[in-house]
Amino acid sequence: MTMKIEFDDNYFMSKAIDEAKIALSKGEVPVGAVIVADNKIIARAHNMVEALNDVTAHAEILAITSASNYIGGKYLENCSIYVTLEPCQMCAGALYWSRISKIYFGAEDPKRGFKKLGTKLHPKTKVYGGILQNECKDMLEKFFIARRNLN
């Protein structure tokens, strides 16, 4: 008997969380993202700001680049992104230009998130927040507590 895997929002967010754990292991802010098309992960990325010494190396930006390379085009109209933290203004702008269909995020970012800053998304983009929110939020909170204790 084979086990059937449910490819639902929780499954894909758990894959984004796996990416965030990789970022955490490298001393990066633990944010991960996956981009899905036709129920298949076509791109995965995590924050690499410190490793690349590049403030634009957020998980979403790297995932957009990877997905665009995979599909051979700049528009991600039939794709969804799952990201562990609500996108910032920069990433929301990039997602706007990519024309991504759906954005799913885990934890809200009440200080720097696109909603707080009033950043516009593409009119056709649908947004869903709070997917595996506690796991995403806990990882981020523990990271920042540990970082404050080092300084």
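1. Two strands count as paired when DSSP finds at least two bridges between them. In this predicted model, strand 3 and strand 4 meet that criterion, since 5 bridges join them. The two strands run parallel. Tyrosine 82 has its bridge partner in strand 4, namely tyrosine 104.

2. The pairing of strand 4 continues to strand 5, to which it is joined by 3 bridges. These two strands also run parallel. Here lysine 102 has lysine 126, in strand 5, as its bridge partner. Strand 4 is mostly covered, with 5 of its 6 residues buried.

3. Taken as a whole, the sheet is open and consists of 5 strands in the order 2-1-3-4-5, with mixed pairing. Its edges are strand 2 and strand 5 (126-128), each of which pairs on one side only. From one strand to the next, the twist averages 15°.

4. The largest nonpolar core comprises 39 residues. Those with the most contacts inside this core are Met13, Ile35, Leu76, Cys79, Ile81, Tyr82 and Ile100. Two or more residues are given to the core by each of the following elements: helix 1 (9-25), helix 3 (59-71), helix 4 (89-98) and helix 6 (133-150), together with strand 1 (32-37), strand 2 (40-46), strand 3 (79-85) and strand 4 (102-107).

5. Leucine 52 provides a point of reference: it lies 17 residues from isoleucine 35 in sequence, and their C-alpha atoms are 21 Å apart. Leucine 52 belongs to helix 2 (residues 49-52) and is partly exposed, at 46% relative accessibility.

6. Valine 83, in strand 3, has a relative accessible area of 0% and is therefore buried, the limit being under 20%. Sequence neighbours within four places aside, valine 83 is in contact with Met13, Val31, Gly32, Ala33, Glu60, Tyr104, Phe105 and Gly106. The C-alpha atom of valine 83 is 9.2 Å from that of cysteine 136, although 53 residues separate the two along the chain.

7. As to its geometry, helix 6 contains 18 residues and spans 26 Å from its first C-alpha to its last, close to the 26 Å expected at 1.5 Å a residue. Helix 6 lies across strand 3 and strand 4, and it runs at about 60° to strand 4.

8. Most residues other than glycine have a negative phi. In aspartate 38, by contrast, phi is positive, near 50°, and asparagine 39 likewise has a positive phi, near 65°. With a relative accessibility of 77%, aspartate 38 is exposed; asparagine 39, at 44%, is partly exposed.

9. Is threonine 119, a loop residue, buried or exposed? It is placed in the loop between helix 5 (114-117) and strand 5, yet it is buried, because its relative accessible area of 17% falls under the 20% limit. Apart from neighbours within four places in sequence, the residues in contact with threonine 119 are Gln89, Ala92, Gly93 and Phe114.

Conventions:
Residues are numbered from 1 along each chain as its sequence is written. This is a predicted model: local features need pLDDT of at least 70, side-chain atom pairs count only at pLDDT 80 or more; totals for chains, interfaces and linings use all residues. Side-chain values use heavy atoms; hydrogens and water are left out. A nonpolar core is a set of buried Ala, Val, Leu, Ile, Met, Phe, Trp, Tyr and Cys residues joined through side-chain atoms within 4.5 Å. Buried means under 20% relative accessible area, exposed over 50%, partly exposed in between (1.4 Å probe, protein chains only). Helices (H or I, at least four residues) and strands (E, at least two) are DSSP runs, numbered from the N terminus. Axes are lines fitted to C-alpha atoms, for helices over the stretch in contact, and angles run from 0 to 180 degrees between N-to-C directions. Contact means heavy atoms within 4.5 Å. The expected span of a helix is 1.5 Å times one less than its number of residues.
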